[in-house]
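Visitor: Please show me the model. I would like to go through its salt bridges, surface and voids.

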Amino acid sequence: MIRSKLPDVGTTIFTVMSRLAIEHQAINLGQGFPDFDPDPRLCELVTKAMAAGHNQYPYMPGVAALREAIAEKISGLYGHAYDPETEITVTSGATEALMATVLAAVNSGDEVVVIEPCYDSYLPAIRLAGGTAVPVPLRAPTAQDPYYRIDWQRVRDAITSRTRLLMLNFPHNPTGAVLDESDLDALESIVRDTGVLLLSDEVYEHIVFDGKPHASLSRRPLLAEHAFVISSFGKTYHATGWKMGYCCAPRQLSAELRKVHQFMVFTVSTPMQVALAEYMRDPKPYMELPAFYQAKRERLAEGLRQTRFKPLPSPGTFFMLADYSEISSQSEAEFAKWLTMEHGVTVIPVSAFYQRPDEEASNHGLVRFCFAKKDGTLDQAIERLRGV
Ligand SMILES: Cc1ncc(COP(=O)(O)O)c(C=O)c1O
């Protein structure tokens with residue numbers, strides 16, 4: 001027998017729900033991936049790269065052309081000049097960048113402040129590094145303010161002399177919350193006072209709605225100096241199965257990140273990198289992404305309003321929360337299973353994004369819908385939900 005390093009981790013709720021969806025032939029609006037393909041031109045570029053002989057190990061931190069394309073995009077959009085040679089690392093999805101950052105930055109006994117609800121890989125990563133997670137809840141919507149927000153005073157209060165890292169994820173999965181300039185001001189003041197390191201998971205950077213710009217931490221020099229900024233091509237280019245992402249951080253932080261990356265995966269798929277470098281020359285695909293997903297957001301929200309679910313506003317990401325308290329008083333996990341089995345639509349309980357999913361404090365009668373789906377899929381799901 002081995003002594004488990006992650007004794008509390010079982011099969012994730014995403015896998016459980018997806019399996020249940022298949023078993024019951026349910027429409028899966030649970031797990032966050034598109035049910036449509038990437039641009040065929042992007043796929044052709046991968047084939048072309050393979051035919052051109054780009055099939056062996058690339059340079060450990062990533063193909064130079066791709067790191068240069070990433071640097072150019074960030075400098076154009078957010079105004080920060082990362083050095084592609086020393087400050088940008090291509091990773092096996094954002095997931096690897098998250099794990100490598102936490103393993104590089106967090107030592108045994110360190111505390112890591114996380115905002116709850118949080119993406120499911122954060123807590124196990126902290127645990128594997130020997131750190132302790134210190135959750136700070138997002139402020140829930142109220143009648144006066146329908147958005148989830150960070151309570152910066154609570155974040156400040158959670159930071160101690162043992163805090164090594166503050167993990168942020170905006171646009172936020174699962175609530176769709178985004179940051180604005182005043183949030184960046186508050187964060188700057190915390191960093192100035194505490195010197196805390198930041199991990200900013202910005203995988204939904206190109207999915208921000210209502211004409212708002214994305215508040216990347218790389219917009220502010222002080223924040224960029226303290227941050228590992230992580231993104232994912234999977235979300236931006238409808239190719240979650242490719243597992244391609246990257247991490248930008250100042251030279252010294254990147255050097256430590258690369259030491260871990262080097263021995264976790266060494267490097268990532270060459271033809272994918274070559275293809276993405278070429279594809280990124282055209283900014284149109286990511287510039288058009290907000291409008292593309294905003295139409296789907298409207299479609300789902302409009303549809304849900306015809307049901308007994310109450311959709312919450314979603315300022316970013318391709319997720320939307322909905323309140324089901326008019327339908328049932330079951331726990332979120334029970335309700336999600338029941339909805340799959342009885343009505344053939346799969347969603348994710350928001351409690352799955354909390355450290356203690358079964359507790360009452362983690363259950364608010366909310367489930368998460370993913371609208372990265374064909375219009376026909378969304379319409380079909382709504383049709384079924386009308387019967388609930
Ligand atoms: C907040 C967040 N971070 C990271 C990831 C993982 O990204 P990737 O598929 O590039 O590893 C996801 C995927 O759902 C996510 O929602």
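Predicted model: local features only at pLDDT ≥ 70, side-chain atom pairs only at ≥ 80, totals over all residues.

Guide: Residues are numbered from 1 along each chain as its sequence is written, and side-chain values use heavy atoms, with hydrogens and water left out.

Visitor: How many salt bridges does a search of the whole structure find?
Guide: A salt bridge is a side-chain nitrogen of Lys or Arg within 4 Å of a carboxyl oxygen of Asp or Glu. The search of the whole structure gives a total of 22.

Visitor: Is Glu 111 buried or exposed?
Guide: Glu 111 forms a salt bridge with Arg 162 through their side chains (3.1 Å, N to O). The two sit 51 residues apart, Glu 111 in strand β3 and Arg 162 in the loop between α7 and β5; helices (H or I, at least four residues) and strands (E, at least two) are DSSP runs, numbered from the N terminus. Buried means under 20% relative accessible area, exposed over 50%, partly exposed in between (1.4 Å probe, protein chains only). Glu 111 has 12%, so the class is buried.

Visitor: Which class of accessibility does Asp 193 have?
Guide: The side chain of Asp 193 meets that of Arg 156 in a salt bridge (2.9 Å, N to O). Arg 156 lies in helix α7 and Asp 193 in helix α8, 37 residues apart. Arg 156 has 27% and is therefore partly exposed. Asp 193 has a relative accessible area of 53%, so the class is exposed.

Visitor: Which residues line the second largest pocket closest to its centre?
Guide: A pocket is an open set of points on a 1 Å grid over the protein atoms alone, with protein on both sides within 12 Å along at least five of seven lines; a cavity is a set where a 1.4 Å probe fits but cannot get out, and lining residues have an atom within 4 Å of a point. The second largest pocket holds about 320 Å³ of space. Of its 23 lining residues, the closest to the centre are Val 178, Leu 179, Asp 180, Lys 212 and Pro 315.

Visitor: What volume does the largest cavity have?
Guide: The structure holds five cavities of 30 Å³ or more. Residues lining the largest cavity include Lys 73, Glu 205 and His 206. A volume is the space filled by probe spheres set on the points, which are joined across faces, edges and corners. For the largest cavity this is about 50 Å³.
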